[in-house]
Amino acid sequence: MMDRSPRNCAKTDKIEVETGTDWISALPNSLIVEILCKIPITDACTTTILSKRWQNMWTCIHDLNCYRSKTSTGWSAKRFISFIDNALPRLTSSKIEGFTLHFRSNIALSNYSSKLNKWLQIVLKKKVENLHLDLRLGDLSSLIHADLTYHWYDLHGLDDVINKSIVKDHLTSVACANDLIISSLYIEMISMLILQKEDVPLPLLECKRLTINSWTSKYTFFGIDRLLSSTPCLENLTIHLKKDSTFLNYWCEDMDMLEDIFEGSLRNLKILKVILQWSLFINHMTTEQTKVMKYLLERAKNLEKLVIVPTNSGCSKMIKSLLALPIVSNTTLLVSVEPLADVEYE
């Protein structure tokens, strides 16, 4: 039986030190690569100075963390871009599990759009599984179509990522886009800031086509209203009516929702497309969804076309509820039900 008393352990440690064994170099290549995947790529590349064995070890990493670490904070934005531009083509891994790019410099990244496209092509060719981009977009005044689709899965950490400058910066960057898609997370961030009594000054958006892909709840009323109030030129609106009965509704449990909470003007809205989300548990329009649609139909006084898009045949009750709402329009309104292209509706 091996004696692991403190006295013998100390003796063993002393022997290992005296023998001068390089335990790090004794690690298998696969384990070294896994370690390098856990640190910024700028630091991983510095390991080339250790020995000949380490010169090309970093090129095998399959999880890329591309951001400036503490050792590279003094780098200029141009130097960082040049580094990433030279490093990515040298990767030898056939598959990339993750690509994280943080670039929050004041430099206009739009001036380097060709390089960003090149980086994305490299990781996409290697079948990247997880893609995380945190970018300051800079001047995108020539932008026509913008898709601000962002997914947040860790609901418990939402408080930590709420930052009104993020919302303002991102929307300001795409303010000139003619066609804009806004994901649920932005609506939720705006709503939470308003509920926290924060001032959320959104830029005026020039978009004529807007898609709001968000949950519909008392919680999201605020974000939807603030967004629509910032789109005075809006002519074509697509809204997804989908319901998650548990998603952050606890923020509004004790709030009295006023009928006139919405203040946005929809005087230029001509086409309204409503995509109905059906589930086994909810096959009718909820109170929240009814309020949103009532608001839209009452304020869109120049509405010319209402398009209802059911996701499947289970939306029949939702369609009837929607058609029963009063419609206020100064023009002849065309109402149509158009199923999704890949869904058969009866």
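User: Where is K127?
Analyst: K127 sits in the loop between α5 and β3. Helices (H or I, at least four residues) and strands (E, at least two) are DSSP runs, numbered from the N terminus. Before going on: this is a predicted model, in which local features need pLDDT of at least 70, side-chain atom pairs count only at pLDDT 80 or more, and totals for chains, interfaces and linings use all residues. Residues are numbered from 1 along each chain as its sequence is written, and side-chain values use heavy atoms, with hydrogens and water left out.

User: Is K127 buried or exposed?
Analyst: K127 is exposed, with a relative accessible area of 61%. Buried means under 20% relative accessible area, exposed over 50%, and partly exposed in between (1.4 Å probe, protein chains only).

User: What is phi of K127?
Analyst: Phi of K127 is near 55°, which is a positive value in a residue other than glycine.

User: Which salt bridge does E129 make?
Analyst: The side chain of E129 meets that of K95, at 2.8 Å from N to O. E129 is in the loop between α5 (113–125) and β3 (130–135), and K95 is in the loop between α4 (77–87) and β2 (98–103), so the pair ties together parts that are 34 residues apart in sequence. A salt bridge here is a side-chain nitrogen of Lys or Arg within 4 Å of a carboxyl oxygen of Asp or Glu.

User: And how accessible are E129 and K95?
Analyst: E129 counts as partly exposed, at 48% relative accessibility. K95 also counts as partly exposed, at 38%.

User: How many salt bridges does the structure hold?
Analyst: Five. One of them joins R209 to D179, with the closest N and O atoms 3.8 Å apart. R209 lies in strand β6 and D179 in strand β5, so this pair links parts that are 30 residues apart in sequence. R209 is partly exposed at 42% relative accessibility, while D179 is buried at 19%.

User: What does E298 pair with?
Analyst: E298 forms a salt bridge with R299, and the closest N and O atoms are 3.8 Å apart. E298 is partly exposed at 30% relative accessibility, and R299 is partly exposed at 25%. There is also a network: salt bridges that share partners join D85, K115 and K118.

User: Changing topic. In what order do the strands of the open sheet come?
Analyst: The order is β4-β5-β6-β7-β8-β9-β10, seven strands with parallel pairing. The edge strands are β4 (145–148) and β10, each of which pairs on one side only. Two strands count as paired if DSSP finds at least two bridges between them. Neighbouring strands in this sheet are turned by 10° against each other on average, direction ignored.

User: How many bridges join β6 to β7?
Analyst: Four bridges join β6 (residues 209–213) to β7 (residues 236–241), and the two strands run parallel. R209, the residue paired with D179 in a salt bridge, stands opposite N236 in β7.

User: Which strands does α9 touch?
Analyst: Helix α9 (residues 221–229) packs on the sheet and touches β5 (179–183), β6 and β7, and its direction makes about 170° with that of β6. Helix α10 packs on the sheet too, touching β7, β8 and β9, at about 170° to the direction of β7. Contact means heavy atoms within 4.5 Å. Axes are lines fitted to C-alpha atoms, for helices over the stretch in contact, and angles run from 0 to 180 degrees between N-to-C directions.

User: Which residues of α11 are buried?
Analyst: In α11 (residues 316–323), M318, I319 and L322 are buried. They cover an arc of only 100° around the axis, which puts them on the same side of the helix. That arc is the one of the directions from the helix axis to the C-beta atoms.

User: What covers them?
Analyst: The cover includes β8 (271–276), α10 (287–299), β9 (305–310) and β10 (334–337). The face of α11 turned away from the buried side carries the exposed residues K317 and K320.

User: Where does UniProt place the F-box domain?
Analyst: The unreviewed UniProt entry places it at residues 24–59. UniProt positions are given in the numbering used here, feature names are shortened, and annotations may be inferred rather than shown by experiment. Over residues 24–59 the chain is 39% helix and 0% strand, with the end C-alpha atoms 18 Å apart.
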